[in-house]
Amino acid sequence: MTWNLMTAPWFVFTLQYTGTRPAISRRLVLALTLPVLLVPLRVGLQASQVELPPAIAGFTATVVFAYVLSLVASGCYLLVRQNKNDARFSLRQALSLSAIPIGSFLFWNLSTLEITATAMAVTFDAGTITACTGLAAARYRYGLFSSIPAVGALGEDALIEQTDDLMFVVDANGRVVQSNRIAVEKLDTTRSELLTSEIGDVVGYEIDEIAASETISLETVAGVRQYDSQLSAVTDPHGNRIASVLSFRDVSDREVSQQRLSVLNRVLRHNLRNRMDIVKSHAETLPSSVDEHRSSIIAAADDAVALGRQAQQIDRFVSARESSSQIDLTRIVERALDRISATDVTVTTDMPGTAVVTTNRRAAANAIESPLKNAVDYAASAAAVTITATDGGYCVIISDDGPGIPAAELDALDRGTEDALKHTTGLGLWQLKWAVMTLNGDVSFEIDNGTTVRIDIPDNTASGTE
């Protein structure tokens, strides 16, 4: 009777402990316990010498026995399944907890056999010791409450429910079998309606169309929004695809920002170049008596055009989706030096014959040329370029003996934004930073009797990325 009565609370514990059903109502506990209460009822009737028909007594015993065994088997299954779903929950922990009902059941039933009183006491004690040992191992050896599996299971559910992404689970026939709260709210529907629909009817796109599209448009409660779609497969233990998980991230604001930047970038560059050509042409017609002013105007116009050209270069490697290719960093430095005029500056190099990496060609050229040009332009008398091999790539070191980069410009680079009052004088440092980010590399500065720039360029082949 003790074993029968303990199975219901033990099963409730497994439901909550594994996170299968964390909210257990009193009504559910009563419903689970009610069949087991037939055991003390039967014992009470027998103690009161009420004779039950053998058929009823046998049927009652069979039903209760099958029921409590199903509770134990279900609880053990939940524990073993948790071990497969959560690497932090060990199989030994599952077996320790399972030993509580199973071990006591085996020994306590042996104690009911026709054996001596001593043997009966020993087997009953063995069942109790087995249950206590399993509980002690689960508590002290495997940390019963130090890392509760339910936290991981419920946390995973919370991640899905709290995300701003629209998420669906779709079966092999394209029917929606699950969705999160945000999908119901954004699409102004009900969960029951979603679960009776096909994904094509819900979002207006079939699975193949979603997989082939970078972004899709969805009609939501906030109007038509642009979403970035992600598709991943759900497979069974044998690797067979049984369903798909679809997630849609709202990128409307990002898309609009990119469009604005693209339009402004093109229009400003085009207009800036045309207007500066007009300024230069008018400046060149000024009389010789104002040569100094004319030279200043032409120089400023040339600087403005160069700034626009630099912005175009940055836009090309930041926005373009260029695949990685093999490049020689030594050759890039040599070509950059050929284009840079250094009349009063001595440039020394210490580079290997070849320094080949697989990376973004355009970003690598900009990452090297920008600080190299600054070093030559601002050096007092000397600049140096060194290329050394590193684990998984190369480090390009560019140094000069100039006045150094102003602290305000480095601060703006660290903040990631320009200050309203203290801003950088150009795009050179931003070009360097964005180029290195495109390369998944790193850049650092040392300001001491000049400037030293260290650019770490990883080799995508060595790092396993493309």
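Biologist: Which residues touch the most other members of the largest nonpolar core?

Modeller: In this predicted model, Leu329, Val396, Ile455 and Ile457 have that place among the 31 residues of the core. Two or more residues each come from helix 14 (329-339), helix 15 (361-378), strand 9 (382-390), strand 10 (393-400), helix 17 (428-438) and strand 12 (451-458), and helix 15 gives the most, with seven residues.

Biologist: What is isoleucine 455 in contact with, leaving aside its neighbours within four places in sequence?

Modeller: The contacts of isoleucine 455 include Ala367, Pro371, Tyr394, Val396, Leu432 and Val443. Apart from this core lies another, of 28 residues, among them Phe11, Val39, Val64 and Ala94.

Biologist: Why is the pair of tryptophan 3 and phenylalanine 105 called tilted?

Modeller: The ring centres of tryptophan 3 and phenylalanine 105 are 4.5 Å apart and their planes stand at 40 degrees; stacked pairs lie under 30 degrees and edge-to-face pairs over 60, so this pair is tilted. Tryptophan 3 belongs to helix 1 (residues 2-17) and phenylalanine 105 to helix 5 (residues 91-110), 102 residues apart.

Biologist: Why does tryptophan 3 count as buried?

Modeller: Buried means under 20% relative accessible area, and tryptophan 3 has 6% relative accessibility, so tryptophan 3 counts as buried. Phenylalanine 105, with a relative accessible area of 16%, is therefore buried as well.

Biologist: What makes the pair of phenylalanine 168 and phenylalanine 248 edge-to-face?

Modeller: The planes of phenylalanine 168 and phenylalanine 248 are 70 degrees apart, with 6.0 Å from centre to centre, and an angle over 60 degrees counts as edge-to-face.

Note on methods. Residues numbered from 1 in each chain as written. Predicted model: local features only at pLDDT ≥ 70, side-chain atom pairs only at ≥ 80, totals over all residues. Heavy atoms only, no water. Core = buried A, V, L, I, M, F, W, Y, C linked by side-chain atoms within 4.5 Å. Buried < 20%, exposed > 50% of the residue type's maximum accessible area, 1.4 Å probe, protein only. Helix = DSSP H or I, 4+ residues; strand = E, 2+ residues; numbered from the N terminus. Contact = heavy atoms within 4.5 Å. Phe/Tyr/Trp six-rings, centres within 6.5 Å; stacked < 30°, edge-to-face > 60°.
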